[in-house]
Amino acid sequence: MLILGRFRKPSGFLCRFLATYASQSDAPLASGGSKGLVVGFYEHPEKNFCFTQCGERTDEMLKGRLTKEIERCGMTGRSGEVKLLNGIPGDFHSVALVGLGSADASYSIKECLDVKLENVRVAAALGALKLRDDCVSEISLDPMGHPEQVAEGATLALWEYQDNRRHEDRKPAIGLECYECPDEDAWMRGLFKAEAQNLARKLAEAPANQMTPTVFAQVATESLCPCGVTLDVRGADWIMGQKLTAFMAVARSSCEPPAFLEIKYFGSSSDEAPVLLVGSGLTFNSGGLCLKPPEELKDKRATMSGASVVVAAVRAAAALSLPINIRAVIPLCENMPSGMSFKVGDVFRCSNGKSVAVHDTRNAEILIMADTFSYATQAYKPRLVVDVATLTTKGSLLGSAASCVFTNSRPMWKELQKASAITGDRVWRFPLWNCYTRQVTDFTNVDLSNRGHGHGFTCRQAAFLKEFVGDTDWIHMDIGEAGLVAQHNLVPYYREGKMTGRPTRALIQFLYQLACPEQITDLKEL
């Protein structure tokens, strides 16, 4: 079985921080009302099903009523099963019975994730949603042997974006607690990781007129500074002074001023090389003069999802006191059609000296990231660069099931693969072959094209960015559809049609593994 390494015990600051964060909901807290309990049960080859420890005690307290109901409905404990019982005597008015699948489930090579941990998240999510629909005000959850994953599933499932509803019309927030929790620290870690992902979802869900580069910089400052993170907001004059020409070419197309965020978290000795995180912050991508079709524009407010994931991950790393140095840089601007827009055929010289021809103004993200890579790798001399971007937002090769990953480091890929298996935010590695590089560099008059030629658009985009990283270990995460709108109900704890905030938890887990490698179980299967 895949075992999640333990974070260091949450400090007093973290507990206070979590309590404060939990109270800053988009909705008023529910008052009064009934209480509900989520209880899990497993498939069993001989007895048809068996309860968790919490389930056994609850069934005994109710004189076998849970067992009778399961047998009456023909339930077996299969993952995805859920049944609501009302009129329960005692503290809980309603009980949601949820299937956990096989108790022997573990890491699946075929599925690339720890099936048991994911089953726990799904069960917690389905139970919490069932009780929410039953109008309970407080939910207690069976720890199911993994309180961290229970907290993640329930907290992610119950989140809603309500900032633009009248306060009196907002659905009340539902209180969550772990019932007879055997590991309070694990519950708090899961709660925090899920709330960090909900922060990323909130940033991505906001309308573009309410999440401009200036507003994003303000929200990032308010989110990170209480954690002891240093954040500098650079303006247009600084950007031009650093000769980030490609970035400014995109930024000038909009009347909204650009911003460049430099974020610093010191969790280790000052002489230790940092991990550099780069989040693409294109707060609206209209396509510029190559205007995107109207049906695609409705989700282009979320082309800054990479930036939101980076802010959330840094916040989590700081609050969990991870012993690692992190630098994060986020270029923020809009790509709009105007008299100042960059044009097809324009050529810009990036800060590393390479010239780039614009053959498609819709591919603006790689332009702002190219300059950002050149600047940040020289300024910080990182041991690893990880960037998160939404370069392929339609027709992604993997759909919304996983994020596309490109890397020049096999050890770093193994760590990220492990982190994704633990968190359920799956990733899949794609090639950085020379043939893709030739497709973006094989031009007689310029060094690079922002579109290139030939097939394999996603791979060409990664090949373009590789030209600005140098010899540093590098991971490129194209979160495409996986980090945008949840589709097809693939995962019950992501609301259909709303932003997912992925892969925030995978990135947090990955940073933890880099910071505390001695506490991570080595998986021979990976």
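This is a predicted model: local features need pLDDT of at least 70, side-chain atom pairs count only at pLDDT 80 or more; totals for chains, interfaces and linings use all residues.

Student: What goes on at the two ends?

Tutor: At the start of α13, a side-chain oxygen of Ser409 comes to within 3.3 Å of the backbone nitrogen of Met412. After the helix comes Gly424, with a positive phi near 85°.

Student: Let's move to β17. Which of its residues sit on which side?

Tutor: Ser403, Val405 and Thr407 are on one side, and Cys404 and Phe406 are on the other. Both faces are covered, and five of the five residues in this strand (403–407) are buried.

Student: Which strands does β17 join up with, and in what sense?

Tutor: There are three bridges to β18 (residues 427–429), and that pair runs parallel. Another four bridges link β17 to β20 (residues 473–478), and there the strands run antiparallel.

Student: What stands opposite Ser403 in β18?

Tutor: That's Val427. The chain gets from β17 to β18 by way of α13, and this β-α-β crossover is right-handed.

Student: What holds paired strands together in general?

Tutor: Strands of a sheet pair through backbone hydrogen bonds, in a parallel or an antiparallel sense.

Student: Switching topic. What's the strand order in the open sheet of three strands?

Tutor: The order is β14-β15-β19, with mixed pairing. β14 (347–349) and β19 (448–449) are the edge strands, and each pairs on one side only.

Student: How do β15 and β19 pair?

Tutor: In the parallel sense, over two bridges; β15 covers residues 355–357. Ala357 stands opposite Ser449 in β19.

Student: Now the greasy bits. Which residues have the most contacts inside the largest nonpolar core?

Tutor: Phe216, Leu277 and Phe510, in a core of 66 residues. Helix α11 (residues 305–319) gives the most to this core, with eleven residues. Apart from that core lies another one, of 48 residues, among them Trp238, Phe348, Ile368 and Leu432.

Student: What is Phe216 in contact with, leaving aside neighbours within four places in sequence?

Tutor: Its contacts are Leu203, Met211, Leu261, Met304, Ala307, Ser308, Val311, Ile330 and Leu332.

Student: Why does Asn198 count as buried?

Tutor: Because its relative accessibility is 3%, and buried means under 20%.

Student: What do the polar atoms of its side chain meet?

Tutor: The side chains of Asn198 and Arg201 are joined by a polar contact of 2.8 Å. The backbone oxygen of Thr155 also lies 3.5 Å from a polar atom of the Asn198 side chain. Not counting residues up to four places away in sequence, Asn198 touches Thr155, Leu156 and Trp159.

Methods: Residues are numbered from 1 along each chain as its sequence is written. Side-chain values use heavy atoms; hydrogens and water are left out. A nonpolar core is a set of buried Ala, Val, Leu, Ile, Met, Phe, Trp, Tyr and Cys residues joined through side-chain atoms within 4.5 Å. Buried means under 20% relative accessible area, exposed over 50%, partly exposed in between (1.4 Å probe, protein chains only). Contact means heavy atoms within 4.5 Å. A polar contact is a pair of N or O atoms within 3.5 Å; within protein, one must be able to donate a hydrogen and the other to accept it, and residues adjacent in sequence count only if both atoms are side-chain atoms. Two strands pair if DSSP finds at least two bridges between them. A crossover is right-handed if, with the strands pointing away from the viewer, the path from the first strand over the helix to the second runs clockwise.
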